[in-house]
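Biologist: I'd like to learn how to read a model like this one, feature by feature. Can you walk me through it?

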Amino acid sequence: MWLIEMLAPEQILHAAMILSVESEDGKDEGLISQVQETLECDAEDHEAAMSHIENHRDGGNWGGRREAVLHRSRERVREAMENDTLPSTGQLSDALNTLVGEDDDGEIDPFAELGVASGGMGGSFGANNVSTSDPLSAFMDDDDEEEEDLVDGDGFLASESTLNLDGEVIEEEVTEPEIEEQPVAEEVEVEEPPEEEVPATTPNVAYEMLMSTCWIDGILDPAEAKLLARKRDELGISFEQHLEMLQSMLERSS
Amino acid sequence: MNSENTPFWHALELAWCSDGALSLHSIRLLDAMQNMIGLSNSDRAEIESQFEENVVYDLTRAGFGCGDQALAAWVGTLTFLDDPASYDVSKAMGKAAMLAGLSKERWLASHSWMSQLGLGLPYAEGVWLEGEEAGEIARVPALLVPVAKTIGLIDQDE
């Protein structure tokens with residue numbers, strides 16, 4: 001059984017506020033008020049979100065994860081507009097579209113350039129639960145057991161909850177009373193996850209990405225060959241599959 | 001198929017390039033080679049048509065196809081394929097190629113060559129360190145000398 005978490009209004013408000021604060025024009029209180037009103041959030045929600053932003057913003061650096069935080073915020077707002085939690089037409093919608101449509105400072109996502117979709121692409125905040133499809137998780141160093149996630153116990157962005165190697169959320173004892181007063185997420189039971197959420201080819205895609213880096217300096221060396229051999233074993237990729245992927249990769253690059 | 005990096009292409013070079021002519025003896029040797037390596041008619045046709053286009057049309061005849069002697073010697077080395085050690089040797093050669101530093105181009109050329117001989121898999125296993133550890137290659141068989149040059153195990157001048 002899988003649980004998909006729906007975004008709570010205060011999470012959406014928080015995401016919109018982050019985007020507004022980080023926009024070129026700076027925080028737009030009018031827009032935030034409209035979002036707050038639409039989401040039926042109270043002043044306490046607004047204050048909590050603002051306080052959270054101030055505590056984590058780090059002068060706009062977000063602890064070195066600015067792009068990830070902005071990306072996730074955009075996803076949240078987009079999702080809210082898609083499921084009509086926020087209006088998808090009208091003045092407010094236009095203003096929000098401007099916010100989420102802002103470019104990532106022209107930075108290039110190397111993984112997107114490689115054609116590797118991240119686990120969070122097109123998914124909701126709740127889709128973190130299926131972020132096992134993140135191809136990069138397969139290539140974390142074995143000694144590096146934990147990876148910071150962007151979402152804290154409040155469902156806000158940029159805090160301390162963690163993912164393990166497989167992208168599964170490591171259970172933490174979050175016993176903040178606010179969670180009971182303000183349910184963070186509505187849990188909806190789904191019998192089977194749609195296949196699109198966890199692409200069956202993910203290990204192959206991840207492996208191919210790693211393989212493509214082996215010739216980045218033009219020469220395959222023993223360490224790279226050993227790494228690939230180990231990853232084939234870990235990901236359950238047969239040698240025949242390896243040769244097929246290698247051939248198709250080289251054909252594409254030629 | 002990478003026609004230019006195949007044993008059959010090499011055989012055509014031996015047959016044609018010494019004096020710009022192809023003898024009847026060479027034609028028979030090429031037929032024999034095709035059978036020995038199990039090359040399909042369609043693959044042979046593709047290689048030969050590319051060879052004609054890229055090489056033969058630029059040749060100037062200067063004899064009667066005396067390349068058949070070199071070709072005969074080359075075809076004789078195909079007996080290596082019946083050697084039980086051919087698998088291990090190919091794997092060892094793959095490992096040696098990887099240790100020497102293998103570029104994409106060298107990989108494509110050498111794997112294409114080895115594949116036409118039916119030795120592509122052990123060679124690839126050696127390169128990519130698949131399965132049991134490959135041994136060291138003590139001596140490169142004559143059949144594999146051209147590909148050993150391609151991957152830098154043997155100097156081109158040797």
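**Where the chains meet**

Modeller: Let's start at the interface: 14 residues of chain A are in contact with 13 residues of chain B, a contact being two residues whose C-beta atoms, placed from the backbone, lie within 7 Å. Keep in mind that this is a predicted model, where local features need pLDDT of at least 70, side-chain atom pairs count only at pLDDT 80 or more, and totals for chains, interfaces and linings use all residues. Residues are numbered from 1 along each chain as its sequence is written, while chains are lettered from A and ligands numbered from 1 in the order in which they are written.

Biologist: Which helices of chain A each supply at least two residues of the side that touches chain B?

Modeller: α9 (222–235) and α10 (239–253) of chain A do, and α9(A) gives the largest share, 5 residues. Helices here are DSSP runs (H or I, at least four residues), as strands are (E, at least two), numbered from the N terminus. By type, the touching side of chain A splits into 10 nonpolar, 2 polar and 2 charged residues. Ala, Val, Leu, Ile, Met, Phe, Trp, Tyr, Cys and Pro count as nonpolar, Asp, Glu, Lys and Arg as charged, and the others, Gly among them, as polar.

Biologist: And what is chain B built from, in helices and strands?

Modeller: Chain B has 8 helices and 0 strands. In chain B, 86% of the contacts with a separation of 6 or more are between residues 24 or more positions apart.

Biologist: Is B:Met36 buried or partly exposed?

Modeller: B:Met36, in helix α2 of chain B, is partly exposed because 15 other C-beta atoms lie within 10 Å. B:Met36 and B:Leu78 are 42 residues apart in sequence, with their C-alpha atoms 7.5 Å apart.

Biologist: What about nonpolar cores: how many residues does the largest have?

Modeller: In soluble globular proteins, nonpolar side chains tend to be buried together. A core is a set of buried Ala, Val, Leu, Ile, Met, Phe, Trp, Tyr and Cys residues joined through C-beta atoms within 7 Å. The largest one here has 31 residues, and those with the most contacts inside it include A:Ala225 and B:Val127. Its largest share, 6 residues, comes from α5(B). Leaving aside neighbours within four places in sequence, A:Ala225 is in contact with residues including A:Leu220, B:Met98 and B:Trp128. A second, separate core of 24 residues includes A:Leu31 and A:Val69.

Terms used. Buried ≥ 20, exposed ≤ 12 C-beta atoms within 10 Å, placed from the backbone.
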